[in-house]
Amino acid sequence: MLRGSAAWSWVIANELSIAAGCARAFADVGATLAATYLNAKAESFVRQVTDQLLCPIVLPCDVREPGQLEAVFDRLQAGWGALDFLLHAIAFAPADDLHGRVTDYSALGFDIAMNISCHSFIRMAHLAEPLMPNGGCLLGVTFSGSGRVVANYNIMGPVKAALESSMRYVAAELGPKGIRAHTISPGPIRTRAASGIENFDNLLNAAAARAPEHHLVDIEDVGNLAAFLVSDAAQRITGTIIPVDGGEHLLA
């Protein structure tokens, strides 16, 4: 049983998002969940997931808005007093910059992408630490474009590399308190976030062709791994970047 586990599947975009797949997997093993959504426009799509999972806490959370992230943790503190785990599943880059070369990336666009996609994980870890007196687990979501050049992934490659490095330092710093940290690295999955990547269908086809298993992963595959990582069965595992890609990462 996983208590007070904010599969604060942060941020659920819709029922097809990676965060939604993770939330379902957490619920299947008995977790009580909280979730966040970006804004009022997104709320109805998120409720389609959270209503089915009987989430008692569903809150807005736009990390660009001052105080919203802190308000979420205040609510979790008031409602539960402690957390077992958190899932950070949020990334963003301005479209004009995302579709351009890294060489040409603007300072403003870089700041926005890094703040939302990486620094928000660090902020989350800082706020979660006092709510995990008995230990816990922090999860982030990355992609293989962090360590190799993937066509059209562009600036998100360096940003995800920064997220992975931040996760390692968080794992080392919070390990003495029993707080673990990981990033999950799924193969390409057709989500709303992925639709912002140019020629994404080509990326999907190439991934299926390269993977030894010759098929794509889905949000349930990611959720199954996430549920294991936050469980007691993984309590001696921390600081990892774990691919869920049918073995695609094996091949040069």
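**Figure 1. Glutamate 43 and arginine 47 in helix α2 of the predicted model.** Glutamate 43 is partly exposed, with a relative accessible area of 22%. Its side chain meets that of arginine 47 in a salt bridge, with an N to O distance of 3.0 Å. Arginine 47 is also partly exposed, at a relative accessible area of 29%. An α-helix has 3.6 residues a turn, so residues three or four places apart point the same way.

**Figure 2. A salt bridge between glutamate 70 and arginine 123.** The closest N and O atoms of this pair are 3.2 Å apart. Because glutamate 70 belongs to helix α3 and arginine 123 to helix α5, the pair ties together parts that are 53 residues apart in sequence. Glutamate 70 counts as partly exposed, since its relative accessibility is 31%. Arginine 123, at 18% relative accessibility, counts as buried, because buried means under 20%.

**Figure 3. A salt bridge between lysine 177 and glutamate 129.** Here the closest N and O atoms are 2.4 Å apart. Lysine 177 lies in the loop between α6 and β6, and glutamate 129 in the loop between α5 and β5, so the contact ties together parts that are 48 residues apart in sequence. Lysine 177 is partly exposed, with a relative accessible area of 47%; glutamate 129 is partly exposed, with a value of 23%. The count for the model comes to 6 salt bridges.

**Figure 4. The largest nonpolar core and another core apart from it.** The largest nonpolar core has 40 residues, and those with the most contacts inside it are Phe73, Leu86 and Leu138. At least two residues of this core come from each of β3 (57–60), α3 (68–79), α5 (107–128), α6 (156–174) and β6 (179–186). Helix α5 gives the most, with 9 residues. Apart from this core lies another, of 29 residues, which includes Phe26, Tyr37, Leu139 and Val217. In soluble globular proteins, nonpolar side chains tend to be buried together.

**Figure 5. Helix α1 and its buried residues.** Of the 11 residues of α1, 8 are buried, so the helix is largely enclosed by the rest of the structure. The buried residues are Ile18, Ala19, Ala20, Gly21, Cys22, Ala23, Ala25 and Phe26. Alanine 23, in this helix of residues 18–28, counts as buried because its relative accessibility is 1%. Alanine 23 and cysteine 55 are 32 residues apart in sequence, and their C-alpha atoms are 9.8 Å apart in space. Just after α1, glycine 30 takes a positive phi of about 100 degrees.

**Figure 6. Positive phi angles at leucine 54 and asparagine 154.** Leucine 54 has a positive phi of about 55 degrees, although it is not a glycine. This leucine is found in the loop between α2 (40–50) and β3, and at 70% relative accessibility leucine 54 counts as exposed. Asparagine 154, likewise not a glycine, has a positive phi of about 50 degrees. Asparagine 154 lies in the loop between β5 (136–141) and α6 and is partly exposed, at 22% relative accessibility.

**Figure 7. A negative surface patch.** Glu213, Asp218, Glu220 and Asp221 form this patch. Glutamate 213 is placed in the loop between α7 (200–210) and α8 (219–229). At 48% relative accessibility, glutamate 213 counts as partly exposed.

Methods:
Residues numbered from 1 in each chain as written. Predicted model: local features only at pLDDT ≥ 70, side-chain atom pairs only at ≥ 80, totals over all residues. Heavy atoms only, no water. Core = buried A, V, L, I, M, F, W, Y, C linked by side-chain atoms within 4.5 Å. Buried < 20%, exposed > 50% of the residue type's maximum accessible area, 1.4 Å probe, protein only. Helix = DSSP H or I, 4+ residues; strand = E, 2+ residues; numbered from the N terminus. Patch = residues over 30% accessible without salt bridge, like charges linked within 9 Å, V, L, I, M, F, W, Y side chains within 5 Å. Areas by Shrake-Rupley, 256 points an atom, 1.4 Å probe, with all protein chains shown as cover. Salt bridge = Lys/Arg side-chain N within 4 Å of Asp/Glu carboxyl O. Lys, Arg positive; Asp, Glu negative; His and termini not counted. Charge placed at Lys NZ, Arg CZ, Asp CG, Glu CD.
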